[in-house]
Amino acid sequence: MNPSSLIPRAACAAILTIATSAADAQTVDKLAPEIGGMVNAVYPELDALYKDLHQHPELAFEEVHTARKLAAEMRALGFDVTEGVGKTGLVATLRNGIGPTVMVRTDMDGLPMEEKTGLPYASKAKALYKGKEIQVAHSCGHDIHMASWIGAARTLVAMKAKWQGTLMFVAQPAEETVSGARAMLDDGLFKRFPKPAFAFALHTSPGPYGGISTNVGAMTASSDMVEITFKGRGGHGSAPDKAIDPIVMGSRFITDVQTLVSLEKDPREFGIVTFGSFQAGTAGNIIPDAAMLQGTIRTYNPAVREKLLSGVQRAANAAAMASGGVPPEVSLIEGGIAVVNSEQVVTRVEAVLSASFGNKYVRRMPPLAASEDFSAFVNEGVPSMFFMIGTSDPKQFEASRKPGGKPLPANHSPFFAPIPEPSIKNGVSAMSLAVLSVLAAP
Ligand SMILES: [Zn+2]
Ligand SMILES: [Zn+2]
């Protein structure tokens with residue numbers, strides 16, 4: 001698909017306004033030292049906010065105190081703040097003359113897990129999760145995202161004389177359950193508030209700090225869960241002719257289904273079909289009456305996704321038919337759709353970031369097999385850019401990549417420990433520059 005067809009007219013106008021003068025790209029990156037100075041000045045406050053958020057993580061859709069803290073910060077900066085959008089989400093807007101509306105998203109939720117970093121500010125928070133008391137930790141770095149989000153808002157407000165347009169800062173709940181963005185959209189995010197011309201989000205990675213990675217096209221994968229119940233006829237193991245064995249259906253399916261990946265999918269396209277759970281039966285001499293399989297399907301391209309999902313259904317039906325059984329129950333639990341970055345936005349912002357940070361710090365990366373629900377906003381037809389910021393010590397990172405080196409703890413590890421300074425400073429600078437790259441000049 002031609003990416004330009006995804007860009008609304010207002011956005012095209014904004015790109016044209018900015019791109020007509022080559023000096024504009026330079027003007028934006030010339031602001032980098034000024035931004036750096038401001039970030040240094042406010043860093044102690046951002047660091048304190050980060051450590052406070054880190055010690056008080058909240059689970060998906062329970063980010064009540066987190067949202068309240070962010071709302072207070074944004075009101076103090078002069079933003080118009082609406083809370084409770086999509087349950088615990090918040091929207092903060094600030095108008096500053098005629099220009100595009102630019103959305104900056106942070107996520108707010110922590111994970112139901114124990115932090116084992118041993119840091120002085122490690123989380124000891126607890127919460128009820130599925131009826132049990134569990135520990136909660138910001139082991140995906142969403143606290144770094146929030147601190148960078150507040151920092152970028154502060155910087156952009158301080159630089160108000162240098163841009164025109166509307167800032168739309170969105171803090172979404174429940175990214176980890178891939179449902180918070182949808183909840184905000186269903187609660188009228190792009191109807192009650194202006195639909196943005198551009199959107200940005202950043203995410204921490206265990207890469208070296210100072211590094212920024214992005215991609216044109218897919219950044220993350222679509223992830224769908226599939227549950228299949230094969231229904232047979234139970235019976236005695238000594239009389240298989242009187243029964244219909246659902247374990248045989250499931251086994252036939254498990255081997256057949258991989259031909260979707262090896263033979264039906266374009267080999268140049270990414271696609272994974274994994275069935276990680278197969279449950280049936282209780283004893284060796286009993287043929288059970290049902291077998292249940294659960295799997296995950298990961299893709300970047302929507303056409304490949306469709307192909308694999310319909311193929312799974314077909315392979316499951318065929319496996320049941322081959323045994324003379326009834327059609328199986330196939331249910332699809334949709335997960336996140338792939339985040340697809342706009343070529344125009346990435347090209348534009350990448351040039352500014354490279355000029356500001358240096359070419360070697362701004363890299364293209366292959367898409368991740370993980371998923372991320374920022375895609376829900378992008379899929380509303382908002383040209384967007386999702387990028388990763390490194391949060392590890394570059395020396396430790398290098399050592400980890402040497403033969404025999406120990407891999408650094410990544411997101412969702414109980415040992416994941418992003419280094420706040422300079423990771424947050426880099427997040428603030430990169431996000432501020434990204435937003436300035438698409439805002440109108442005064
Ligand atoms: Zn995560
Ligand atoms: Zn995350």
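This is a short chat about a predicted model and some of its features.

Visitor: Which residues are closest to its centre?

Guide: Ser 205, Pro 206, Leu 368, Met 388 and Asn 411 are the closest to the centre, out of 43 residues that line this pocket.

Visitor: And which elements give two or more residues to that lining?

Guide: There are several strands: E7 (198-208), E8 (212-214), E10 (222-231), E14 (290-299), E15 (329-334), E17 (362-364) and E18 (384-392). Helix H12 (394-401) is on the list too.

Visitor: Which one gives the most?

Guide: Strand E7 does, with 6 residues.

Visitor: How do the lining residues divide into nonpolar, polar and charged?

Guide: For the largest pocket, 17 are nonpolar, 16 are polar and 10 are charged.

Visitor: What about cavities? How many are there of 30 Å³ or more?

Guide: The count is 2. The second largest cavity has a volume of about 30 Å³.

Visitor: Which residues line that second largest cavity?

Guide: Its lining is made by Val 104, Arg 105, Thr 106, His 145, Ser 148, Trp 149, Leu 202 and Met 431. Strand E3 (101-107) and helix H5 each supply at least two of the lining residues. By type, the lining has 4 nonpolar, 3 polar and 1 charged.

Visitor: What does Cys 140 bridge?

Guide: Cys 140 bridges two zinc ions, ligand 2 and ligand 1. The two ions lie 3.0 Å apart.

Visitor: Why does the pair Cys 140 and His 203 tie together parts that are apart in sequence?

Guide: Cys 140 sits in the loop between strand E5 (132-135) and helix H5 (142-158), while His 203 is in strand E7, so the pair joins parts 63 residues apart in sequence.

Visitor: Are those two buried or exposed?

Guide: Both Cys 140 and His 203 are buried.

Visitor: Now the nonpolar cores. How many residues has the largest one?

Guide: The largest nonpolar core has 62 residues. Phe 79, Phe 169 and Phe 200 have the most contacts inside it.

Visitor: What is Phe 200 in contact with?

Guide: Beyond its neighbours within four places in sequence, Phe 200 contacts a set of residues including Val 102, Val 104, Val 345, Phe 374, Met 385, Met 431 and Val 438.

Visitor: Which residues does the second core include?

Guide: That separate core has 23 residues, among them Met 168, Ala 181, Met 184 and Phe 190.

Visitor: Tell me about Phe 193. Where does it lie?

Guide: Phe 193 is in the loop between helix H7 (189-192) and strand E7. Its relative accessible area is 12%, under the 20% cut-off, so Phe 193 counts as buried.

Visitor: What does Phe 193 touch?

Guide: Leaving out residues up to four places away in sequence, Phe 193 touches Thr 82, Val 85, Val 91, Met 168 and Gly 188. Phe 193 and Val 91 are 102 residues apart in sequence, and their C-alpha atoms are 8.3 Å apart in space.

Visitor: And Lys 126: buried or exposed?

Guide: Lys 126 is exposed, at 52% relative accessible area. Lys 126 is placed in strand E4 (residues 126-129). Not counting residues up to four places away in sequence, Lys 126 touches Glu 133, Ile 134, Gln 135 and Val 136.

Visitor: Last topic: the backbone. Which peptide bond is cis?

Guide: The bond from Glu 421 to Pro 422 is cis, with omega near 15°. Pro 422 is in helix H13 (residues 420-438). Most peptide bonds are trans.

Visitor: What is phi of Val 178 near?

Guide: Phi of Val 178 is near 50°, a positive value in a residue other than glycine. Val 178 lies in the loop between strand E6 (165-172) and helix H6 (180-186). Val 178 is partly exposed, at 26%.

Visitor: And phi of His 412, what is that near?

Guide: Phi of His 412 is near 80°, also a positive value. His 412 is in the loop between H12 and H13. At 39% relative accessibility, His 412 is partly exposed.

How values were computed. Residues are numbered from 1 along each chain as its sequence is written. Chains are lettered from A and ligands numbered from 1 in the order in which they are written. This is a predicted model: local features need pLDDT of at least 70, side-chain atom pairs count only at pLDDT 80 or more; totals for chains, interfaces and linings use all residues. Side-chain values use heavy atoms; hydrogens and water are left out. On a 1 Å grid over the protein atoms alone, a cavity is a set of points where a 1.4 Å probe fits but cannot get out, and a pocket is an open set with protein on both sides within 12 Å along at least five of seven lines; lining residues have an atom within 4 Å of a point. Helices (H or I, at least four residues) and strands (E, at least two) are DSSP runs, numbered from the N terminus. Ala, Val, Leu, Ile, Met, Phe, Trp, Tyr, Cys and Pro count as nonpolar, Asp, Glu, Lys and Arg as charged, and the others, Gly among them, as polar. Donors are N, O and S atoms within 2.8 Å of the metal (3.2 Å for Na, K and Ca); water is not among the atoms, so sites may look incomplete. Buried means under 20% relative accessible area, exposed over 50%, partly exposed in between (1.4 Å probe, protein chains only). Grid points are joined across faces, edges and corners, and a volume is the space filled by probe spheres set on the points. A nonpolar core is a set of buried Ala, Val, Leu, Ile, Met, Phe, Trp, Tyr and Cys residues joined through side-chain atoms within 4.5 Å. Contact means heavy atoms within 4.5 Å.
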